[in-house]
Amino acid sequence: MANISVLGAGSWGTALALVLADNDHQVRLWAHRVEHAEEMRKTRENKRYLENASLPDNIQIFDDLTESVEGSDYILLAVPTKAVREVCRSLITALDSPATVIHASKGIEPKTYKRVSEVITEEIPEEKRRAVIVLSGPSHAEEVALRQPTTVTVSSENLEIAEEVQSLFINSQFRVYTSPDLVGVELGGSLKNIIALGAGISDGLEYGDNAKAALITRGLAEVARLGTSMGANPLTFSGLAGIGDLIVTCTSSHSRNWRAGFKLGKGENLQTVLADMGMVVEGVRTTEAAFQMAEEQNINMPITSGIYYILFKDANPREVVEQLMTRVRRHEMEDLVDVLDQKMKK
Ligand SMILES: NC(=O)c1ccc[n+]([C@@H]2O[C@H](COP(=O)([O-])OP(=O)(O)OC[C@H]3O[C@@H](n4cnc5c(N)ncnc54)[C@H](O)[C@@H]3O)[C@@H](O)[C@H]2O)c1
Ligand SMILES: O=P(O)(O)OC[C@H](O)CO
């Protein structure tokens with residue numbers, strides 16, 4: 001059995017810690033706020049982020065980062081994308097030997113347009129890391145904590161290490177696949193949050209299932225278009241980290257991105273929505289990053305662009321939908337041709 005540190009005691013870090021604990025690993029769960037760690041130690045629960053889940057004895061709670069990674073074979077980062085750089089910088093001094101770093105964050109940095117594995121690679125020097133791996137796929141923490149059937153994908157440039165990580169997590173409720181497409185797996189998980197905001201907006205506006213199916217399908221087309229331009233394998237978007245995660249996030253009320261979108265569709269403004277949520281809504285910053293990239297590289301992303309204007313320029317959601325519906329006529333598969341063209345050029 002392995003010693004594994006889980007950095008980030010939000011809903012996802014806690015749910016993944018439970019999977020690892022079920023597999024009899026020794027888990028060290030780090031919370032960056034001392035009061036939060038103390039509360040979890042006292043109650044053996046994490047009520048603030050994940051209801052109805054009790055923490056077994058093989059999950060130890062830490063608030064000191066150095067102590068939390070002492071003697072660990074693997075480090076799982078499960079903090080919001082915004083916090084990844086800061087946590088990695090603190091990790092450099094905390095690590096006394098090279099670590100296998102797994103991350104489960106779903107976002108892209110605005111301005112740098114970096115994926116999370118790129119941020120990790122940039123911040124943690126080569127001699128302190130053995131490999132960087134992503135874990136992604138359709139997986140709401142609430143259902144994982146209830147041990148309901150869930151499937152995810154782990155990916156790394158080094159497939160052998162991805163298989164090693166697959167073995168750490170896999171069990172009869174949590175099925176883990178591997179993929180060699182690190183870029184695609186990271187981008188599928190990040191970009192779907194933009195479309196999930198859109199699905200929430202659509203539901204908030206009381207549009208129906210037709211609109212939702214259209215958003216998922218046309219959303220996937222633009223996710224694949226941007227993803228492929230960033231180096232992903234287009235096939236990854238028809239897998240768990242692509243369409244799989246898009247479906248779950250666009251259709252589940254567990255989704256924070258969907259819930260935030262729903263409130264925006266009901267007319268609330270972004271600041272109020274985010275303040276009330278109290279949990280990370282990754283799609284907001286990722287929309288900014290994707291919009292900027294699409295503008296710079298002249299990539300057609302009409303849904304992302306509409307959501308950007310709703311989030312950051314106070315555009316009226318109903319008017320954005322009208323603009324999307326009355327755009328210039330196109331052939332449906334023009335997108336597929338664009339994607340394949342880009343692939344052929346590489
Ligand atoms: N919740 C899910 O079901 C789920 C599933 C898959 C992936 N994810 C991804 O996992 C990542 C974390 O999401 P979450 O749902 O656990 O978020 P969350 O809002 O539930 O919790 C975030 C945690 O990060 C901590 N945190 C915030 N800023 C920090 C900082 N600067 N340094 C250290 N810790 C900090 C918070 O205290 C909190 O414990 C996100 O990228 C999310 O997209 C979440
Ligand atoms: O709650 P969300 O919207 O951050 O989505 C959580 C996961 O990414 C679903 O796979």
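The protein splits into domain 1 (3–180) and domain 2 (189–345), with bounds taken from an automatic or database domain assignment. This is a predicted model, where local features need pLDDT of at least 70, side-chain atom pairs count only at pLDDT 80 or more, and totals for chains, interfaces and linings use all residues. Residues are numbered from 1 along each chain as its sequence is written, while chains are lettered from A and ligands numbered from 1 in the order in which they are written.

**Exercise 1.** Work out which elements of domain 1 touch domain 2.

*Solution.* Start with the spacing: the C-alpha centres of domain 1 and domain 2 are 26 Å apart. Next, count the contact, which takes 21 residues from domain 1 and 24 residues from domain 2; two residues are in contact if their C-beta atoms, placed from the backbone, lie within 7 Å. Now look for elements giving two or more residues on the domain 1 side: they are α4 (81–94), β9 (150–155) and β10 (174–179). (Helices are DSSP runs of H or I with at least four residues, strands are E runs of at least two, and both are numbered from the N terminus.) β9 gives the most, with three residues.

**Exercise 2.** Are K106 and K192 buried or exposed, and what do they touch?

*Solution.* K106 is in the loop between β7 (99–103) and α5 (116–123). K106 is buried because 27 other C-beta atoms lie within 10 Å; the cut-off is 20 or more for buried and 12 or fewer for exposed, with partly exposed in between. Leaving out residues up to four places away in sequence, K106 touches S136, G189, S190, N193 and E282. K192 lies in helix α8 (residues 182–204) and is buried, with 34 other C-beta atoms within 10 Å. With that sequence exclusion again, K192 touches V223, D245, L246 and T249.
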